[in-house]
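Here is a friendly briefing to read alongside the model.

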Protein chains: 2
Amino acid sequence: MKIALDVLGGDNAPKSNLVGVKDYLEQYTENPAELILLGNKEYISKYLKSIQIDQSLITIINTTQEVGIHEKPSRIFKEKPDSSLVRSIQLLKENKVDAVLSAGNTGALLATSLFLLGKIPNIRRPAFAPYIPTRHGGFILCDAGANPNSKPLDLVQCALMASAYTAHLNTISNPSVSLLNIGKEENKGNDLIIQTYPLLKKHLNNFIGNLEPRYIMEGKADVVIADGFTGNIVLKLTEGVFSHIIDWFHDLYFTHVNTEQQSSEFLSILKEIQNSLDHEEYGATPLLGINGLVMKCHGSSTSRGISNSIYSTQKAIEDSLLENIENNLAQHMDLTQEAIINE
Amino acid sequence: MKIALDVLGGDNAPKSNLVGVKDYLEQYTENPAELILLGNKEYISKYLKSIQIDQSLITIINTTQEVGIHEKPSRIFKEKPDSSLVRSIQLLKENKVDAVLSAGNTGALLATSLFLLGKIPNIRRPAFAPYIPTRHGGFILCDAGANPNSKPLDLVQCALMASAYTAHLNTISNPSVSLLNIGKEENKGNDLIIQTYPLLKKHLNNFIGNLEPRYIMEGKADVVIADGFTGNIVLKLTEGVFSHIIDWFHDLYFTHVNTEQQSSEFLSILKEIQNSLDHEEYGATPLLGINGLVMKCHGSSTSRGISNSIYSTQKAIEDSLLENIENNLAQHMDLTQEAIINE
């Protein structure tokens, strides 16, 4: 099993990525993947030596270009063909690796994957499906931003792909799927959601109906479906509100509680909540709908996030995640035809 | 000045509404409004006596029908013409009151207002603009759910109306307006947002650009513009995430910290945050775009919320809020024509 790692991707690259590689190899010793590291070969070799890593499972491929976080995604595969990002996906296209992992520019990763690998047959648009942690164990949100102009068919395909992915993650056979909406009733919502509801009801035996955002954190569904615009708003707003209130709590505590009264318990509770909400715990998520296993981890990943992400990539290969998603879609071939007629 | 109060509207009606009336009359003694209470006259009279309220500023109008919270909004004004909700708005239509206040079925209030009062000239769709509290003082979110299928012109009209409303609330002359989006750049977002951006830039001298939801709580803008679907998601998700984490904190504290260690300071910090986030503090908000002052307060309002809402209604009348909104729109008459041509 071989995984290509975009060493230059992410806010803390390249160092945190390389330390992440070391952590992975030391922590996950049972049948670890071979790792193909792409970036500046001289730098990588030197740094790997300095952190005393066992290089028996590592191959380094030299690349000469770098992709910035704010570069226009659609041009990357033409303008930066020798970047670690593009070369990683090229390796997957040539079947030289089983999966790609990157913490880099998400749009560039998506556009390059679409161009080089294409989509799973009959899939119209790829989707992001990150895990959103809560005190009740969290849920998968799909689409969290790949397609800001989703159509009803896209959302049903999101639901089928995210179901297969969630089953893989949680090792449950039939995860519950809900549709994010501004009301519980079938006739509520905007035009997109009202048109999507009956399609989900027809094609998913695990569809549990609309879910209001007020209850999204309460563990009522394993999968929450949203259009890519709303999904991305939910993803970023949730992070924003969580950190807003945690900071607020922290500041008030240290302003109002005098030094003698301060309990270390308060800080450990704060830490416990922050750890539960930490995306790094859960590793990378696949770009759903891409015809190849391309795993994306958070841009701000530290070595711990990278290490967990390499492991989640390994698991996705071992469990044949891509084939499972394709199978789940193949059972609903009628869907594509039907929805296109109705559009 | 006369305000009609829908005594039967809200989860805690009618008692909390009547206690709210008492609180208002006792607390806001400087030029208080005359209050027209609509509901079961016999019950109201009896209850007012029992709570020993000064009835010199109160008129009671008997109504015989009730509007449920889950009733289909579009039929209310036909099917429940003698409900406290419909009769209140009828009074406003006949110029017998200066404003209506209700904590009842929001959709019914909106549909009935549209039917009986109509819209401000040139306004295409009404909008909700609640105040979202944060540690930095909060912001106005518009549209928070009146129109789930907003068009670019609707969002610009939202921005003009919400600007006038925010200026009234905060007594600042030129509140900053941002557009909620999944990225900062002008070319980011879904089709609606990409089309709205240049219109806002052209018609609002107080437009500060796109705002990502991660930073929505950080006090970067006085007004946040969103389509009604996304706005309603933001409103309810924010409430959901806040209460999720506050409950989490609370439960962990009482599980992990033994009784001797527990400090009353922790609870007072919790209370301080909850108070700051309490919608009741801020009173009712107008249905923007309706040709009459119809104020909506939260369905779960207690007497405190009602009391504050009567006062915020009084202030809106005193400050000629409706006229200010109309004036702000009148300065952009070109907008309507232009946007319709472009659609």
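B:Ile58 touches B:Leu35 and B:Leu37, leaving out residues up to four places away in sequence; contact here means that the C-beta atoms, placed from the backbone, lie within 7 Å. This is a predicted model, in which local features need pLDDT of at least 70, side-chain atom pairs count only at pLDDT 80 or more, and totals for chains, interfaces and linings use all residues. Residues are numbered from 1 along each chain as its sequence is written, while chains are lettered from A and ligands numbered from 1 in the order in which they are written.

- You will find B:Ile58 in strand β3 (residues 58-62) of chain B; helices (H or I, at least four residues) and strands (E, at least two) are DSSP runs numbered from the N terminus.
- With 19 other C-beta atoms within 10 Å, B:Ile58 is partly exposed. The scale calls a residue buried at 20 or more other C-beta atoms within 10 Å of its own, exposed at 12 or fewer, and partly exposed in between, with C-beta atoms placed from the backbone.
- From B:Ile58 to B:Val241 there are 183 residues in sequence and 40 Å in space, C-alpha to C-alpha.
- Over in chain A, A:Gly209 belongs to strand β9 (residues 207-211), and its 17 C-beta neighbours inside 10 Å make it partly exposed.
- A:Gly209 touches A:Ser178 and A:Lys184, again not counting residues up to four places away in sequence.
- A:Gly209 and A:Asp23 are 186 residues apart in sequence and 42 Å apart in space, C-alpha to C-alpha.

**Helix α4 and its partner in chain B**

- Helices α4 (residues 84-93) and α5 (residues 106-117) of chain B pack at an angle of about 35°, with their axes 10 Å apart. Axes are lines fitted to C-alpha atoms, for helices over the stretch in contact, and angles run from 0 to 180 degrees between N-to-C directions.
- The crossing of α4(B) past α5(B) is right-handed, meaning that the near helix is turned clockwise from the far one by less than a right angle.
- On the α4(B) side the contact includes B:Leu85, B:Val86 and B:Ile89, and on the α5(B) side it includes B:Ala108, B:Leu109 and B:Leu116.
- By class, this contact has eight nonpolar, three polar and one charged residues. Ala, Val, Leu, Ile, Met, Phe, Trp, Tyr, Cys and Pro count as nonpolar, Asp, Glu, Lys and Arg as charged, and the others, Gly among them, as polar.
- Nine of the ten residues of α4(B) are buried, so the helix is largely enclosed by the rest of the structure; B:Arg87 and B:Gln90 are among the buried ones.

**Backbone points to check**

- Most residues other than glycine have a negative phi, and most peptide bonds are trans.
- B:Asn95 follows α4(B) and has a positive phi near 60°. B:Asn95 sits in the loop between α4 and β4 (99-102) of chain B and counts as exposed, with 9 C-beta neighbours inside 10 Å.
- A:Ser320, also not a glycine, has a positive phi of about 50°. Its place is the loop between α10 (303-318) and α11 (321-330) of chain A, and with 13 other C-beta atoms within 10 Å it is partly exposed.
- The peptide bond from A:Cys142 to A:Asp143 is cis, with omega near 5°; A:Asp143 lies in the loop between β7 (139-142) and α6 (152-170) of chain A.
- Another cis peptide bond runs from B:Ala13 to B:Pro14, with omega near -5°, and B:Pro14 is in the loop between β1 (2-6) and α1 (15-27) of chain B.

**Core and chain pairing**

- The largest nonpolar core has 207 residues, and A:Cys142 and B:Ile225 are among those with the most contacts inside it. Such a core is a set of buried Ala, Val, Leu, Ile, Met, Phe, Trp, Tyr and Cys residues joined through C-beta atoms within 7 Å.
- Beyond its neighbours within four places in sequence, B:Ile225 is in contact with residues including B:Cys142, B:Ala159 and B:Leu179.
- Between the chains, 42 residues of chain B are in contact with 42 residues of chain A. The largest share of chain B's side, 19 residues, comes from α8(B).

Terms used. Contact = placed C-beta atoms within 7 Å.
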